[in-house]
Amino acid sequence: MSTPMRVVLIGAGTRARKLYLPWLNGAFGARVAAAELVAVIDRDQHTLDHDGHRFAGTVAGPADIDQVLVDTEPDLVVIATPDAEHRHFVERALAARCAALVEKPLATTIDDAVALAHAGMQGGAVLLVAHNLRFTNVHTQVHQMLADGLIGTVADAEFHYRLNVSHSASYFQRWHRRRAASGGLEVTKACHHLDLLAWWLHAHPSTVTATLQHRHYKPDDPMLLPGTDIHDTIAADIAYDTGAYARYTLTTNADDEGYTCHLFGTAGTLTIHYDAHAGPHLIDLRPHNGPGARYQIPREPGTHAGADTAMLAALPAAVTDQHSMAFATAADAARAVATGATMHPASLTHHPLPIPDPTTTFGASR
């Protein structure tokens, strides 16, 4: 786009303050495409009053969304509301034939995720999902190394993520603490990590076995806010339609933040050491035949190890053609939600459960 994208922002909370408002106010400079904030919609009048001076656009509440979209004719609607509210606003944007970028996760329930995947596949307007970790430099390099067949076909994976003390505590101090609002950490965080695995493996999750625990933040702890019911520790085994198998674990209250992932292929092993805060990230390549190698990938500046900047830079092309860049499709995002959302019932039954595939509802293909 030669002229700045006209953007309507729905939701002016934490994510908007950290990423979207700075972008829309020019803080990223020439690194990303220019954009103009033409309207912001939020139900919290205090938030709107506080942030209204940042732009010369329309300020409105949720009930006014349809009229705002008609009046402003935006190039893009960014939806950064609490997760359980995504479906309503995505559907309103798509009904108005507006391209939409919705924050991850796409939804908090399987029903909502499948409905939005269906809406996104209809072709009336572009629906992009901000699975931003796909844009991190180390993750794009891993994706390319796997596509190049450097370790053959991945058969097994182990992915262990560590949330540090302050980060993990933050989820128990805001709306995320209620499963009805967030889907639990198995949706909030596993969507990030398991989306990476599915993207790398070019595979769809089919079944999951899970154990969810309250190790550090127990619902009956009087120090926690009322309504806290999410789990803080996850161990899950996921089977994929390609025959691949993954073990996923999430630990909270760790001393550092990042993950270690082992990808075991038919021709070698790839190990990723991801440092969320400092870097460098490391990739160890150990082929069965031939010398191994270690790659040091610098941590790029910015939120989410530079992923957010790269994602914003990719937006103009993706709004024109959603398959031109690495954005997760609506179906990809729905599968990630379905994987995380199936973990809770799987943990109650102690048996593997099938993961619903949104494509079986409307016949989309990979």
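This is a predicted model: local features need pLDDT of at least 70, side-chain atom pairs count only at pLDDT 80 or more; totals for chains, interfaces and linings use all residues.
Start by selecting Gln213: across from it, in strand E9, stands Thr233.

**Stop one: around E9**

Now widen the selection to strand E8 (residues 205–213) and E9 (residues 233–240) together. E8 and E9 pair in the antiparallel sense, with 8 bridges between them.

E10 runs antiparallel to E9, and 6 bridges join the two. To see one of those pairings, pick Ala239, whose bridge partner in E10 is Tyr245. Then look at the turn: E9 and E10 make a hairpin with 4 residues between them, and Gly243 in that turn has a positive phi of about 95 degrees.

Select strand E7 (residues 154–164) along with strand E11 (residues 258–265). The two run antiparallel and are joined by 8 bridges. Zoom in on Arg162 and you'll find Gly258 of E11 opposite.

Bring in strand E12 (residues 268–275). E11 and E12 also run antiparallel, joined by 8 bridges. Which residue of E12 is the bridge partner of Phe264? Click on Thr269. The link from E11 to E12 is a hairpin, made through 2 residues.

While you have strands on screen, a tip for reading side chains: in a regular strand they alternate between the two faces of the sheet.

**Stop three: the parallel sheet**

Color the strands E3-E2-E1-E4-E5-E6 in that order and you have an open sheet of 6 strands with parallel pairing. At the edges sit strand E3 (58–60) and strand E6 (127–130), each pairing on one side only. From one strand to the next, the twist averages 25 degrees.

For a closer look, keep strand E5 (residues 100–103) and E6: they run parallel, with 4 bridges joining them. Leu101 has Leu128 in E6 as its bridge partner.

Select helix H3 (residues 65–72) and helix H4 (residues 86–95). The pair packs at an angle of about 35 degrees, and the axes are 10 Å apart. Show side chains for Ile65, Asp66 and Leu69 of H3 and for Phe89, Arg92 and Ala93 of H4, as these make the contact. The crossing of H3 and H4 is right-handed.

Step along to Ala96, in the loop between H4 and E5. Is Ala96 buried, exposed or partly exposed? Its relative accessible area is 37%, so Ala96 counts as partly exposed, given that buried means under 20% and exposed over 50%.

Ala96 to Gln67 is 9.9 Å, with 29 residues of sequence separation. Ala96 to Val70 is 7.6 Å, with the two 26 residues apart along the chain. Val70 belongs to helix H3, and its relative accessible area of 56% makes Val70 exposed.

**Last stop: H12**

Finish with helix H12 (residues 330–349). Why does an end-to-end distance of 29 Å fit this helix? At 1.5 Å a residue, its 20 residues should span 28 Å, which agrees with the 29 Å between the end C-alpha atoms. Follow the axis to Met343, where H12 bends by about 30 degrees; a proline, Pro345, follows within four residues. H12 is mostly covered, with 15 of its 20 residues buried. After H12 comes His350, with a positive phi near 60 degrees.

Methods. Residues are numbered from 1 along each chain as its sequence is written. Side-chain values use heavy atoms; hydrogens and water are left out. The expected span of a helix is 1.5 Å times one less than its number of residues. The bend at a residue is the angle between axes fitted to the seven residues ending there and the seven starting there. Buried means under 20% relative accessible area, exposed over 50%, partly exposed in between (1.4 Å probe, protein chains only). Two strands pair if DSSP finds at least two bridges between them. Axes are lines fitted to C-alpha atoms, for helices over the stretch in contact, and angles run from 0 to 180 degrees between N-to-C directions. A crossing is left-handed if the near helix is turned anticlockwise from the far one by less than a right angle, and right-handed if clockwise. Contact means heavy atoms within 4.5 Å.
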